Amino acid sequence: MKIEKKWSWLILLLPLIPWLIGSTKFFYPKYSEFSDLTITHLPNAIYLLHSIKTYGEIPFWSDLIFSGYPFAANPLSGLWYPPGWVVYGFPLPFGFNLAVFLHLLWGAIGIQRFLNFQGLRQEASLLGAIGFLLMPKLFAHFGAGHITLIYAISWTPWLLYNYCANKKNSRWLISASILGLIALADVRWLAYAVLLWGGFVVYETFLQAKSYKSFPINRIVEIPVVLLVAVLLAAVLLLPLAEYTQLSTRSLMDLDDVAIYSLPIEELLGLWIPDFGGFAEWVLYPGAVIFCLGIYSFVIPSVRKKTMFWWLVVLITLLLSFGRQLPFYSVISSLPGMDLLRVPTRFYFLGGIGFSILAAFGLNDLLEREKIYRPDPVFFMTPFAAFTGFLGIGFLLVGQAIPENLIWGLLCLMTVLIFIAAIERNRNIAKVGGPVLILFLVVDLSLVNLQSIKMVKKEDVFSESQPVVEYLKSQKGIFRVYTPSYSIPQHIAAFYQIRMANGADPLIIKAYQEYFSRASQIRSNSYSVTLPPFSNDEPKTDNQNFTPDLELMSLLGVRFVVSEFDIPSFQPYLIVQFSDTRIYENPFYNGMAWVEKEEENLPVSSIEIHPNKIEVTANGPGNLFLSQTYYPGWVAFMDERPVSFTLRDNLFPILSLPEGEHVVRFEFRPPLVRIGLTISVMAWLGVIIFLYTKSFHEKR
């Protein structure tokens, strides 16, 4: 039974139902005990909600990690992307999971609309949409916690649909709005989206031009105009991020850092053999149905002519995924913005989209063709099945069991090959061919995705380090904690409002890293997303040979050092131990602020820390030292009058106090955030007014 096209997207909800049922749990990758969801997104959400509920403030600054950093400039803060705010309306982690599935559904509907506009059958459009919806690479990254990346990717199909289907003058403005949302969701994806959309615009324009003289140059001019408007729409993030990037360690990345996790050549087998529980960055598997129908679309000349752009997308992005193995990748890595892209294999998200579109065109031709095409397309699919079979035999010959993923890959390939051959030879089978292949694709991808994700109960995620954090919360005063062994996960620290001197985030202030390296005694010559770095990705043991400098740590406000390993010279400072977790108290701790007077550090009368403000009451004369990371935008007031301050170690604010008691207030007023917010609000209002006015006149 045919379903009206406008309602056919409802079918896309069905494959998501089993996942929604498990959405009260955290999704983790099978291969790891860590997820960026709990490392970054969850603590950011906890901090944001706490700031609003407790202080009634939207935080531009965060004091949770790195002794403070610019929260508003961090693209992972979740602050500036309105569709992502759905997370905060539901209990966590359900809010995160729901937001991801809604975005995947939105992206799949975009693919379906795009394919419908290309004139494909309903079954073909639905197959392409499901290929995106359940794409194993997307689900692997979901398990890895890269949720903002999924948000951004899910807008990409709408760029294509808008360009093809919208012939009105508003097309360029809607494209700019979509790119603006992509930048706000995850700025890393903006470059990929622009490459795909820009390439598609140029390709389609050349196809439609009848001659050189009739070439519509206005279509090409549309690209920089759209990009400029998108930048204005996302200025609230892009302006402060540009400053943050230059002041962060991100600017120090070399080729090895930019080309991290480049695709090993042997991982190409993942195109038709699923990697159960494999590393998210190297996942390529599109599904046996998608893979075989993709080959079909290349073999048939009439289909290949229609889909050549998408074959170029698949092949080019696959090539770029090899990263540092390419002799010219050093040139690519030096291009502006490449320090934001970093992982080469993420180019292949575009390849995954391309494969889904290719498969849809292949199925459309398969169901409509009346005669077998010679040479038979199945002939070109058979070598992949044969190779997989021989590989399985090879395992048996060396006395090893055949891996489960190899067996599943072979069974899926053989089933799809046989069924495609049957459709070619029996048109009665073609009548049910579309639904059967769609159902098989859902089963294949759902099983593969289940192998890449494990579900962890909420209580288990929040029960980590329970005795340690309860002890720390029982201690009076405001202080920071340093853990060289990552003994307190960031989401736990955020939940209990424990301030950390260490942390994990892709952006780290360069001046802070330089000081922290001296204080922790852990030096690193390469870019790292963590402080301290973990050379072997073993937090519990990697840094056991380094002894922190407690005097330097005291300037960071560190009162306690929490470690999974013994620090012999700290034995006199050991105050409590929970299982293998040791808590040492820093004898040099002076508080979060003090007054330096004649080589003596005097305590302040009081200190209050809000998300965007620190207020200190202290007696002079002397120099007020604040254990706070400096960043452009911090301003100081003494007794309500603006005052200047200097920096120690290019990091800590120092302010001269005259005689008597004074109230000193430090406020974070980042000018680029305010300028960017003004630009973005005006740009979005302009877009809304323009579209509303145009729609109103068209209806008249």
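Trainee: Which residue is the bridge partner of Phe26 in β2?

Mentor: The partner of Phe26 is Val456. Keep in mind that we are looking at a predicted model. Strand β1 (residues 26–29) and strand β2 (residues 453–456) are joined by four bridges and run antiparallel.

Trainee: What makes β1 and β2 count as paired strands?

Mentor: Pairing requires at least two bridges, and β1 and β2 have four. Both faces of β1 are covered as well: Phe26 and Tyr28 on one side, and Phe27 and Pro29 on the other, are all buried.

Trainee: Why is strand β10 (residues 593–597) described as largely enclosed?

Mentor: Four of its five residues are buried, so the rest of the structure largely encloses β10. As for neighbours, β10 pairs in the antiparallel sense with strand β13 (residues 613–626) over four bridges, and Ala593 has Leu626 as its bridge partner there. Four bridges also join β10 to strand β11 (residues 600–603), again antiparallel, with Val595 opposite Leu602.

Trainee: What do β10 and β11 form, and how many residues lie between them?

Mentor: They form a hairpin with two residues between them. Glu598 in the turn has a positive phi of about 50 degrees, and Glu599, in the loop between β10 and β11, has a positive phi of about 60 degrees although it is not a glycine.

Trainee: How do you know whether Glu599, Glu600 and Asp649 are buried, partly exposed or exposed?

Mentor: Set each value against the cut-offs: buried is under 20%, exposed is over 50%, and partly exposed is in between. Glu599 has 87% relative accessibility, so Glu599 counts as exposed. Glu600, in strand β11, has 45% and is therefore partly exposed. Asp649, with 36%, is partly exposed by that reasoning.

Trainee: And why is Ser554 called buried?

Mentor: Its relative accessible area is 4%, and the limit is under 20%. Ser554 is in helix α25 (residues 550–555) and touches Asn586, Phe588, Tyr589 and Trp594, leaving aside residues up to four places away in sequence.

Trainee: What makes helix α4 (residues 122–133) roughly parallel to helix α20 (residues 427–452)?

Mentor: Their axes come within 10 Å and cross at roughly 5 degrees. Angles under 35 degrees count as roughly parallel, so α4 is roughly parallel to α20. The contact brings Glu123, Leu126, Leu127, Ile130 and Gly131 of α4 together with residues of α20, including Pro435, Leu441 and Leu445.

Trainee: How do you know that the span of helix α19 (residues 404–425) agrees with expectation?

Mentor: At 1.5 Å a residue, its 22 residues should span 32 Å, and the end C-alpha atoms are 32 Å apart, so the two values agree. Among the buried residues of α19 are Leu406, Cys412, Val416 and Phe419. The buried residues of α19 pack against α13 (288–299), α17 (348–368), α18 (377–397) and α20.

Trainee: What makes β4 (499–500) and β8 (574–578) edge strands?

Mentor: They belong to an open sheet of five strands in the order β4-β3-β7-β9-β8, with mixed pairing. Each of β4 and β8 pairs on one side only, and that makes them the edge strands. Within the sheet, three bridges join strand β3 (residues 480–482) to strand β7 (residues 558–563) in parallel, and Val481 has Phe560 as its bridge partner. Helix α22 (residues 466–473) lies across β3, β7, β8 and β9 (581–585).

Trainee: One last thing: what kind of peptide bond joins Leu92 to Pro93, and Leu531 to Pro532?

Mentor: Both are cis: omega is near 15 degrees from Leu92 to Pro93, and about -5 degrees between Leu531 and Pro532. Most peptide bonds are trans. Pro93 is in the loop between α2 (36–55) and α3 (94–117), while Pro532 is in the loop between β6 (530–531) and α25.

How values were computed:
Residues numbered from 1 in each chain as written. Predicted model: local features only at pLDDT ≥ 70, side-chain atom pairs only at ≥ 80, totals over all residues. Heavy atoms only, no water. Buried < 20%, exposed > 50% of the residue type's maximum accessible area, 1.4 Å probe, protein only. Axes fitted to C-alpha atoms, helices over the stretch in contact; angles between N-to-C directions. Parallel < 35°, antiparallel > 145°, perpendicular 65-115°, else oblique. Contact = heavy atoms within 4.5 Å. Expected span 1.5 Å × (residues − 1).
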